[in-house]
Amino acid sequence: MNEDRTLAASRGLELSRRLFEERGYALLERLGILDVCSVACVGGTSQNAGVDDEISRDHVWGPYLTYILPAGAWQCHRRRLKHALDQEPDRVAGVTWRGYEGSEPRKTDVVEPLDFLSGLTGYSVPPVRDIDWLPYLNEQGFLGRRWTERLFDACQGAVFHDPGNQFTDLWQHYVRYPPPDIQKALFARALFRTWNAGPEYNLARAWQRGDMLAFAQCRALFVNEVMEAAFCWNKSFVPPFKWRGAHFERLADCPDTVREGIASLAVAPPSKRVLVVAKDVLAAVKRLVGDRLSLDLALGEPLSAYAHAVHRQIGNRTIREATSLDW
């Protein structure tokens, strides 16, 4: 009983791993497909992203498994495996998978890897050449989810069983970070938007006007774009907004002034102090950008100048012209 309580309070991905160890492995062994079937939990759920907690456990949380059969094995074994899984509940140590409406619909499923990864990423075929990435740069869903957020979701999770790394290698191919010219385009855009919302432009103007609604909007945009830039220089896709702060805290490469300044700006009351902290954050960002990309710019130059300097470093003319920072 104590063990059950401990597991119920643990991370969902750990429960899924235990489900595989206790039931999934034996099921594959019994069906004789241990050497052809991969098993994973991959995609955008709070547990796969490592941010599940007591609040997120009320839906889309708990033990489940995705069984992945490559093309040849898919034709031979899908129905047998699906039938066997229908007899196995998504339950381990007293904890059951919770969908939006209780334990149904089930999350455990059998998938073919190319269709599965295409559904996660939106790629029919992963981009190969630099220009192949262009159609995705401004793509977003109906509710505003950006392409980079979709790719962040697709990166999350763990593989529990993978003969010959057949799924892992394919998964990493689909979710690899964009090449340098595309990264610079994303980085320049984030820097330009940071300048636009920040203390060198609209944040200060909103304060001078006494427009507190505009001031609040500028501050929120500034915080968001600084975080977006930080994910860019860490070569990491940007998480959805609800997980962005948690993963921003986990970034390996982020100056303390930026990390602490963003945390302060998130809670500080509206005052001129906000402008001071935002300027300190900007200075730290400028130092980092200047050092990393060898830019010959003074700290007194606006961040927009840094954004354009980064953009000019894009070597591919087609990428450069398609991602103009002009108004």
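Helix axes are lines fitted to C-alpha atoms over the stretch in contact, and angles run from 0 to 180 degrees between N-to-C directions. Helices (H or I, at least four residues) and strands (E, at least two) are DSSP runs, numbered from the N terminus. The model is predicted: local features need pLDDT of at least 70 and side-chain atom pairs count only at pLDDT 80 or more, whereas totals for chains, interfaces and linings use all residues. Residues are numbered from 1 along each chain as its sequence is written, and side-chain values use heavy atoms, with hydrogens and water left out.

**View 1. Packing of helices α4 and α5.** The axes of α4 (residues 113–121) and α5 lie 8 Å apart, at an angle of about 140 degrees. That makes α4 oblique to α5, because angles under 35 degrees count as roughly parallel, over 145 as roughly antiparallel, 65 to 115 as roughly perpendicular and the rest as oblique. In α4, S118, G119, L120 and T121 meet R150, L151 and A154 of α5; contact means heavy atoms within 4.5 Å. By class, this contact has three nonpolar, three polar and one charged residues. Ala, Val, Leu, Ile, Met, Phe, Trp, Tyr, Cys and Pro count as nonpolar, Asp, Glu, Lys and Arg as charged, and the others, Gly among them, as polar.

**View 2. The open sheet of four strands.** The strand order is β5-β2-β1-β6, with mixed pairing; two strands pair if DSSP finds at least two bridges between them. β5 (109–111) and β6 (157–161) stand at the edges with a single partner strand each, so one side of each has no neighbour in the sheet. On average, neighbouring strands are turned by 30 degrees against each other, direction ignored.

View 3. Strand β2 (residues 66–68) runs parallel to β5, and three bridges join them. I68 has V111 in β5 as its bridge partner. Helix α2 (residues 12–31) packs on the sheet and touches β1 (38–42), β2 and β6; the direction of α2 makes about 25 degrees with that of β6. Helix α3 (residues 71–86) also packs on the sheet, touching β2 and β5, and its direction makes about 175 degrees with that of β5.

**View 4. The largest pocket.** The largest pocket holds about 530 Å³ of space. Among its 19 lining residues, G44, D153, P240, K242 and W243 are closest to the centre. On a 1 Å grid over the protein atoms alone, a pocket is an open set of points where a 1.4 Å probe fits, with protein on both sides within 12 Å along at least five of seven lines; lining residues have an atom within 4 Å of a point. Helix α10 gives the largest share of the lining, four residues.

Key:
Points joined across faces, edges and corners; volume = space filled by probe spheres on them.
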